[in-house]
Amino acid sequence: MRDGMGGGRRGIRDGIALLGLLGGLGAMVFASVPAGAAGDAWSDDSRWVSVRAGSPAAGARLAPGSGLDYGFGYTRFLANEVAWSATVQHDVRASFADAAEIEVPITVELTKHFRVSTPARPYLGGGWGTIYHKTFHTGADESGFRQGVYLATGANAVLNAGSLIGVDVRLMLEQDTRSINPTFPRIEASSTRWSVKLSYSRVL
């Protein structure tokens, strides 16, 4: 069923408002979390809470430009600088006039972090996730869940006592992306998605 223009705009505004509320709550949580020792940030049983922001790039054809994205994550180191992470992101994959294509990936991953001679420590890993996908004000709006696997890489460096800054890069292969949506059509059964985000992490 076609959404009215007001409904589509309200949906986007509500999503932005909810994201702003989550961001504000996240900021308060970060401010109240006591910092650990940043020098031990990569040691066994270390834990991080993170916020991320950046801009994605869709690998599918016919994809218009996209907007600013946000995410939250929790990381726990297991042994030998191998870490397990869980993340939730809100990605504006594409926008065109009043229409928007939004995804919320909920993912888990394993990463291996490497000691090198530079201040930043790189990592490499991969993960799996479920993706909530929704379109707004396209004339044939749709929503539903998809799944995907991805490779992850990036690096983190100590900012100050108990804090890290970094960059996270993902290349995701997303399944079940074929769509006859008039604004954001997809002819491929699967599509690749790039995302690059800056991150700030608090060491617990």
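**Entry 1: a buried histidine**

I began with His137, which is buried at a relative accessible area of 14%, where buried means under 20%, exposed over 50% and partly exposed in between, worked out with a 1.4 Å probe and protein chains only. I noted that the model is a predicted one, in which local features need pLDDT of at least 70 and side-chain atom pairs count only at pLDDT 80 or more, while totals for chains, interfaces and linings use all residues. Residues are numbered from 1 along each chain as its sequence is written, and side-chain values use heavy atoms, with hydrogens and water left out.

His137 is not a glycine, yet I found that it has a positive phi of about 50°, and I placed it in the loop between E5 and strand E6 (143-160). Helices (H or I, at least four residues) and strands (E, at least two) are DSSP runs, numbered from the N terminus.

I then looked up Asn80, which also is not a glycine and has a positive phi of about 55°. Asn80 lies in the loop between E2 and E3, and with a relative accessible area of 62% Asn80 is exposed.

**Entry 2: the whole chain**

I read one helix and eight strands in the protein, in the order α-β-β-β-β-β-β-β-β along the sequence. Of its 204 residues, 41% count as buried. The protein exposes about 10200 Å², of which carbon and sulfur atoms supply 66%; the accessible areas come from the Shrake-Rupley method with a 1.4 Å probe, and for residues only the protein chains shown count as cover.

**Entry 3: aromatic rings**

How many aromatic pairs does the structure hold? I found four, where rings of Phe, Tyr and Trp (its six-membered ring) pair if their centres lie within 6.5 Å, and planes under 30 degrees apart count as stacked, over 60 as edge-to-face and the rest as tilted. One of them joins Trp48 and Phe77, whose ring centres are 5.2 Å apart and whose planes stand at 55°, so I call this pair tilted. Because Trp48 lies in strand E1 (residues 47-58) and Phe77 in strand E2 (residues 69-79), the pair ties together parts that are 29 residues apart in sequence. Both Trp48 and Phe77 are buried.

Tyr74 and Trp84 form an edge-to-face pair, with 6.3 Å from centre to centre and 70° between the planes. Since Tyr74 lies in strand E2 and Trp84 in strand E3, this pair ties together parts 10 residues apart in sequence. Tyr74 is partly exposed at 28%, and Trp84 counts as partly exposed at 35% relative accessibility. I also noted that ring pairs link Trp42, Trp48 and Phe77 into a cluster.

**Entry 4: a charge over a ring**

I looked at Arg170, which lies over the face of Tyr150 at 4.5 Å from the ring centre; a charge sits over a ring if NZ of Lys or CZ of Arg is within 6 Å of the ring centre and within 35 degrees of the ring normal.

**Entry 5: Leu124**

Is Leu124 buried or exposed? At 52% relative accessibility, Leu124 counts as exposed, and I found it in strand E5 (residues 121-136). Leaving aside neighbours within four places in sequence, Leu124 is in contact (heavy atoms within 4.5 Å) with Leu110, Thr111, Lys112, Phe114, Ala152 and Thr153. From Leu124 to Val169 I noted 9.7 Å in space, C-alpha to C-alpha, and 45 residues in sequence.
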